[in-house]
Amino acid sequence: MPTERTVEHPDGRVERITETGAAPTVVERRGGGAGAVVALIIGLLAVVVIGYFLMNMNRNDAVESNAVAGAAESVGNAADNIGKAARDAVPERPSAP
């Protein structure tokens, strides 16, 4: 059988409380863990995307270095060709007896 009581607070409020003989029911709310799984997947995707961009940047640096090396080799070959042309343009002196 329920028991009713009234509590008067100093600020003038009146509170009516009904108590039953049954034990109180405790309701707990727990998550299923889906939020943690989604956060983990998003974190892994972020790591993969950042890794891809870093590797791509490294690849671009290698391509640029190879292009500079190729251009330097071409300049070296051109200098050799100019040297040969200069030697061929000057007539040889006859040897002194």
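Here is a quick tour of the chain shown above, from its overall layout to its side-chain pairs.

This is a predicted model, where local features need pLDDT of at least 70, side-chain atom pairs count only at pLDDT 80 or more, and totals for chains, interfaces and linings use all residues. Residues are numbered from 1 along each chain as its sequence is written, and side-chain values use heavy atoms, leaving out hydrogens and water.

**Layout and confidence**

Going along the sequence, you get the pattern β-β-α, with 1 helix and 2 strands in the chain. Helices (H or I, at least four residues) and strands (E, at least two) are DSSP runs, numbered from the N terminus. The average pLDDT (the predictor's confidence in each residue, from 0 to 100) is 81, and 86% of the residues score at least 70. Helix α1 (residues 34-89) has the highest mean among the elements, at 87, while strand β2 (residues 14-19) has the lowest, at 80.

**Surface**

How much of the chain is buried? Of the 97 residues, 0% count as buried; that label means under 20% relative accessible area, with exposed over 50% and partly exposed in between (1.4 Å probe, protein chains only). The accessible surface (Shrake-Rupley method, 1.4 Å probe; for residues, only the protein chains shown count as cover) comes to about 9,300 Å², and 61% of that belongs to carbon and sulfur atoms.

Val37, Ile41 and Leu45 make a nonpolar patch of about 280 Å². Patch residues have over 30% relative accessible area and no salt bridge; like charges are joined within 9 Å, nonpolar side chains (Val, Leu, Ile, Met, Phe, Trp, Tyr) within 5 Å. Ile41 lies in helix α1 and is partly exposed, at 46%.

**Charged pairs**

The whole structure has 2 salt bridges, each a side-chain nitrogen of Lys or Arg within 4 Å of a carboxyl oxygen of Asp or Glu.

| Salt bridge | N to O distance |
|---|---|
| Arg16 and Glu4 | 3.7 Å |
| Asp11 and Arg13 | 3.1 Å |

Arg16 sits in strand β2 and Glu4 in strand β1, so their bridge ties together parts 12 residues apart in sequence. Both Arg16 and Glu4 are exposed. Asp11 is exposed too, at 57%, whereas Arg13 is partly exposed, at 48%.

**An aromatic pair**

A search of the whole structure finds 1 aromatic pair. The ring centres of Tyr52 and Phe53 are 5.6 Å apart with planes at 70 degrees, so the pair is edge-to-face. Rings of Phe, Tyr and Trp (its six-membered ring) pair if their centres lie within 6.5 Å; planes under 30 degrees apart count as stacked, over 60 as edge-to-face and the rest as tilted. Tyr52 and Phe53 are both exposed.
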